[in-house]
There are 2 protein chains.
Amino acid sequence: MKKLTVGIFIFDQVEVLDFAGPYEVLSRARTVPGRESRRSDESAPFTVFTVARSKSPIAAVGGLQVIPDYSFKDAPDIDILLVPGGAGTRPQLDDALVLDWIRRIAAEAKQTTSVCTGALLLANVGLLDGRRATTHWGSLDQLDSLDRGIVVDRTSRFVDDGIVTSAGVAAGIDMAFYLIEQHCGRDVADETAHYIDYPR
Amino acid sequence: MKKLTVGIFIFDQVEVLDFAGPYEVLSRARTVPGRESRRSDESAPFTVFTVARSKSPIAAVGGLQVIPDYSFKDAPDIDILLVPGGAGTRPQLDDALVLDWIRRIAAEAKQTTSVCTGALLLANVGLLDGRRATTHWGSLDQLDSLDRGIVVDRTSRFVDDGIVTSAGVAAGIDMAFYLIEQHCGRDVADETAHYIDYPR
């Protein structure tokens, strides 16, 4: 089975769990169950990496310093784009370079997803026009006010209407398990949840 | 209120969610509820940072590259020590520099905690002798076999018997909320869970 690449966009003041939750879940999935299979990437259905505007270290919310694996310029092809949120989302909303990159990658990717206020970024490039979507509870009204025909879901942990959006921070973990289930089946998702001791 | 410092030990092949889960939870706690209070550290009860053997970047499980905030040599005083686990735990178990550091910091800290197989490191320096403790389900037998009088808890998400140990990976998130509850009360823990959309 060809591995799917997952490109996680990171930026200054990205919320830690927004990207680290899905990173953990998707990078630890294995189609062969057990602890042994986690010692190599052989049965890993996903190849997960971080991408940022440049390869300079970013400081996530709280100060966690992360070195991006790739920049916009040298990132490999992305099958699944994941856009997290956080306090640093706002400056990205007006950043033409970022918006162009998201637009371009989303057009090429098999699937585009967001966690938390990352949905605002997807909305800003028109990806959520006319779709059902969700975001952090504190930003539901903002998503609703964008006048883009977005049908805001105020109750679900995540919503898949072509584009997959999740509710706040920790909901990205649940969305990641949904992605595993979709691409690899329920057993692989459940076994990965068991491996990382996450009660689905 | 004086902030409590939380020193999170990181190392090559540390499990991402082991450190990033508690990092998120503890760094986003606020004694003043709401989104506004998260814009500054004013009402943050904890100051969270990462510490490693040196300040060179580490590669967590899956490849996530993190720059440690401090090395063993220059880390500030640590009130709460958090030792995560992961595939990289094994090499740490024989590393005198690491074991000495954990022993020294644990002796000075108000509280010592572990996530997942981080418990094996605490056990190796004698911190769990005669105590109830837990670890990742795949390492419970190993913890039990150490002949240190550790009473292994095979069912709890986390155990506090002077030293606080948690079960696998995601259980560190639950342990982090317990720490908030202990130091700041139930309301602060619940409000932080609501903020990050985590169902406690």
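Colleague: How do you know that the span of helix α1 (residues 16-28) of chain B agrees with its number of residues?

Modeller: A word on the source: this is a predicted model, where local features need pLDDT of at least 70, side-chain atom pairs count only at pLDDT 80 or more, and totals for chains, interfaces and linings use all residues. Residues are numbered from 1 along each chain as its sequence is written, while chains are lettered from A and ligands numbered from 1 in the order in which they are written. Now the helix. Helices (H or I, at least four residues) and strands (E, at least two) are DSSP runs, numbered from the N terminus. The expected span is 1.5 Å times one less than the number of residues. For the 13 residues of α1(B) that gives 18 Å, and the end C-alpha atoms are 18 Å apart, so the two agree.

Colleague: What makes α1(B) "mostly covered"?

Modeller: We call a residue buried if 20 or more other C-beta atoms lie within 10 Å of its own, exposed if 12 or fewer, and partly exposed in between, with C-beta atoms placed from the backbone. In α1(B), 13 of 13 residues are buried. Strand β1 (residues 4-9) of chain B gets that label too, with five of its six residues buried.

Colleague: Which strands does β1(B) pair with?

Modeller: Pairing needs at least two bridges found by DSSP between two strands. β1(B) has six bridges to β2 (residues 46-52) of chain B, running parallel, and three to β6 (residues 80-83) of chain B, also parallel. Gly7(B) takes part in both: it stands opposite Phe49(B) in β2(B), and its bridge partner in β6(B) is Leu81(B).

Colleague: Why is the unit of β1(B), α1(B) and β2(B) called right-handed?

Modeller: With the strands pointing away from you, the path from the first strand over the helix to the second has to run clockwise. β1(B), α1(B) and β2(B) make a β-α-β unit that is right-handed, so that's the way its path runs.

Colleague: What makes β3 (58-59) of chain A an edge strand?

Modeller: β3(A) pairs on one side only, and so does β3 (58-59) of chain B. They belong to an open antiparallel sheet of four strands, in the order β3(A)-β4(A)-β4(B)-β3(B). Two bridges join β3(A) to β4(A), and three join β4(A) to β4(B). Gln65(A) is the bridge partner of Ala59(A), and Ile67(B) is the bridge partner of Gln65(A).
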